[in-house]
Amino acid sequence: MVYLWHMVYTLVTLSMSIAVQFPTNPTSEMSADEKNLIKVNKTIDQSDESGHEVDPDGEEIRDKKYLVDAMRTILDPNAVIEKNTDDVEGFKLQLDELDKDNMTLENFVEEMDKLSLDVCKTSQYALWSYVTDISNEVKKNKMIRIAAEEDEIKKKYWNILKKKYLNNEQVLNDPKWKRKLRIIKERGTNVQMPQSKQREEIDTMQRIWSRVTVCAYNVTNCNTEDSLRSMSGIISVFKHSNDTKELAYYWKAYRDATGKLIRPIFKDYVARMNNVAETENFKDAGEMWRYSFEDDDFENTINKLWFEIKPLYDALHAYVRVKLKSYYKEELAGKDKLIPAHILGNLWAQEWQSIYNKVTPYPDIQRPAMQNNESLQAKDLFDVVDEFHQSLGFESAKDSYQDIKGTMISSNCLPSSHDMCDGVNYKIKWCGENLTDVAVGLSRAARLLGHVQYFKHYRKLQPLYRDGPNPAFHDAISDIVAVQLTSPSYLRTLSAAKVETGPEAELNHLLWLALEKLPLVAYAYVLDKWRWNIFAEPGSLNWNGHWWELRINETGISPPVPRDESDLDPAAKYHVVSHVQYITYLVSHVLEFQILSSLCRRMNHSGPLHACSIHGAQEAGKLLSNGMSMGASEDWRSVLQAITGERELSTRGILEYFAPLEELLRKETAKLSRLDEDMDKSAPIIVGVIIIVLIILMIITYCVKKKDLINRLLSVCGLSKNGSLDIVSNEMTQRKSNEADGTSEGKV
């Protein structure tokens, strides 16, 4: 029923709820890798058709714990949004009764709306009960059970429509009914693939991925707990270590423990998912995924967007590479212009914020922080965001965070936003941290509260329409305010913040954002292009070779160690083993800046786009409200048109936003490259001069030593210079003595 599709970067519906993630901040402790739409699903029933090992039912709870713990490790604490719709067994019985009744399409959908709303309320309260008491196994099991039942209802809803109403003339001729049927089909088929009772491959791949541990670097005995490294430990190494041998070791060891083991299972998974897609009249599972974006030419649309963004990404890549040379001279000595994947501060090299301090153009400009390095208080952060929203004309969402406990600190905590499905109550789960970077704290709060605003705007729609028009809109609109709040010019207005401003601070901030967003866009493009190709041609490609072909050609990232077809490196990603789309991040970032650019033009903003602030611009707020209020009742082009006046995706906004940074990157790269080339050219001359000087010194030293030896030999014979000098000295003494007496040798 009502689910929240969301970006990057962000909620984990811990066992079976639908969640979305947000892009991480460069200083975040969580990897930006896991800002994503994730759906962690497990079914109780296991089919014995598969030849792969599957744990018995008694392992279910333990499996969940491993999977959830692993997700916590990679999920960005930035912001997470969840929305799920689940059901208890009684709801299934009601649906069975509706199936038996011979009612009209209108009556059936009306009854399903009522049922869906009840399911959503039950689901959300079960989920909220669990996320606020995450160590409670009883609450977790209840949430998992309700989530599984809810997915079964969504699937059955679609199957009933196919069986009884799909050829109805009203459906065939009425655009509104076509819209409803499309949404029901999308949701019913999307849960069918990962929620199928024959999904052993996904279960097994998730189990391998979530339980991964490797031997610690330089450890010979791996039999103790201290000698093992979990995913969280490996991620920490990538964020903080500069030892390239250590990084290369963990990079390979992690993929040996995931992708290499998953590869045999992945083949069966691809076949099974394609079979499921074909039953729904899709040519393969990739096409079934792309269906949610309502674009018959979606692949070419994505190719076009990436083609336009790639020069900006390439400028960032080239700059980062030349800056990193001072740290990794040997690794970057080649002429291929590639960057090895293990030196970018991230296990997947999909976001590069951890290397910000190594590559910042103006290192003397400090990141924004609280005065006196005080910790940020959660309510203060949300108050700032809420004030920004109200300045746009939005209703206050203070009720959603008034009970937040900012002191709660737990490794089990996942920030999340919740629509309780009653049109009144919305809740935010916050994880207390000792944050001192005010930009990081505000961006997390903005994303969480941004989703609540979206919930509130479409709350009066039919349950079926309470969502964004495609998977990218929720994240895109929430991120607009997050980007606005973190700019140095806005942060300077906050009395509690210690912020440096000026052109150099602005450029540093743009780089900070670019290191988060651009590598993620690139990674999203390559990851899902690879999967689309695998689904379309499973038998004609070298899977791992094709992955690195795309990674190298499109993103300039290379493996730090040799790879072959016994590996399956993409399967080191959660989204790959869990059948979750990733292209949402590319689309949401394009939308984010496209919408911001349009709003600023409506405000007659002059100057660079990154300097535009929509704070207090109620006209801009009205446009956003109009779009959010439409929910999923209209297709995404109509929603985009209501906000921007445009009907197609455009990269103009993101390119304009980062244009000043791109100019700086190209200039700095050229300057640093020239210095590097000059050093390379002068190096042989310098080395030659040094060698010549050393040879001369060696000759002099040799001659001195040789002369000393000869003198000693002559001295023995009384012929040395020193011996003659003694004789001469005696003669001179005598001569002087005689002269003193007035007698010369000549006269004598």
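Predicted model: local features only at pLDDT ≥ 70, side-chain atom pairs only at ≥ 80, totals over all residues.
## Buried or exposed

A residue is called buried when its relative accessible area is under 20%, exposed when that value is over 50%, and partly exposed in between. Arg637 has a relative accessibility of 17%, so this arginine counts as buried.

## The big picture

Let's start with the whole protein. There are 748 residues here, and buried ones make up 58% of them. The secondary structure comes to 26 helices and eleven strands.

## Rings and their neighbours

Now for the aromatic side chains. The structure holds 33 aromatic pairs. In one of them, Phe282 and Tyr291 have ring centres 5.3 Å apart and planes at 70 degrees; planes over 60 degrees apart count as edge-to-face, so that's the label this pair gets. Phe282 and Tyr291 are both buried. Tyr291 has another neighbour too: Lys185 lies over the face of its ring, 4.9 Å from the centre.

Elsewhere, ring pairs tie a whole set of residues into a cluster, including Trp251, Phe266, Tyr269, Trp289, Tyr523 and Trp530. Trp543, Trp547 and Trp548 belong to that cluster as well, as do Tyr582 and Tyr585. There's also an arginine sitting over a ring: the charged end of Arg290 is over Trp532, at 5.0 Å from the ring centre.

## A lysine tucked away

Have a look at Lys429, in strand β9, which covers residues 426-429. Is this lysine buried or exposed? Its relative accessibility is 7%, so Lys429 counts as buried. A polar atom of the Lys429 side chain lies 2.2 Å from the backbone oxygen of Val131.

## Salt bridges

Side chains of opposite charge can pair when their charged atoms come close. Searching the whole structure turns up 38 salt bridges. One of them joins Asp133 and Lys139, with the closest N and O atoms 3.3 Å apart. Asp133 has 26% relative accessibility, so it counts as partly exposed, and Lys139, at 29%, is partly exposed too.

Asp383 and Lys398 form another bridge, with 3.0 Å between the closest N and O atoms. This pair links distant parts of the chain, 15 residues apart: Asp383 is in helix α14 (residues 378-391), while Lys398 is in the loop between α14 and β8 (416-419). Asp383 is partly exposed at 33% relative accessible area, and Lys398 is partly exposed at 39%.

Then there's Arg637, the buried arginine from the opening. Its salt-bridge partner is Glu648, and their closest N and O atoms are 3.1 Å apart. Arg637 sits in helix α23 (residues 636-644) and Glu648 in the loop between α23 and α24 (652-657), eleven residues apart.

Which residues make a nonpolar surface patch of about 420 Å²? They are Val689, Ile690, Val693, Leu694 and Leu697. Leu697 lies in helix α25, which runs over residues 659-716. With 46% relative accessibility, Leu697 falls between the 20% and 50% cut-offs, so it counts as partly exposed.

Key
Residues numbered from 1 in each chain as written. Heavy atoms only, no water. Helix = DSSP H or I, 4+ residues; strand = E, 2+ residues; numbered from the N terminus. Buried < 20%, exposed > 50% of the residue type's maximum accessible area, 1.4 Å probe, protein only. Phe/Tyr/Trp six-rings, centres within 6.5 Å; stacked < 30°, edge-to-face > 60°. Lys NZ or Arg CZ within 6 Å of the ring centre and 35° of its normal. Polar contact = N/O pair within 3.5 Å; in protein donor to acceptor, adjacent residues only side chain to side chain. Patch = residues over 30% accessible without salt bridge, like charges linked within 9 Å, V, L, I, M, F, W, Y side chains within 5 Å. Areas by Shrake-Rupley, 256 points an atom, 1.4 Å probe, with all protein chains shown as cover. Salt bridge = Lys/Arg side-chain N within 4 Å of Asp/Glu carboxyl O.
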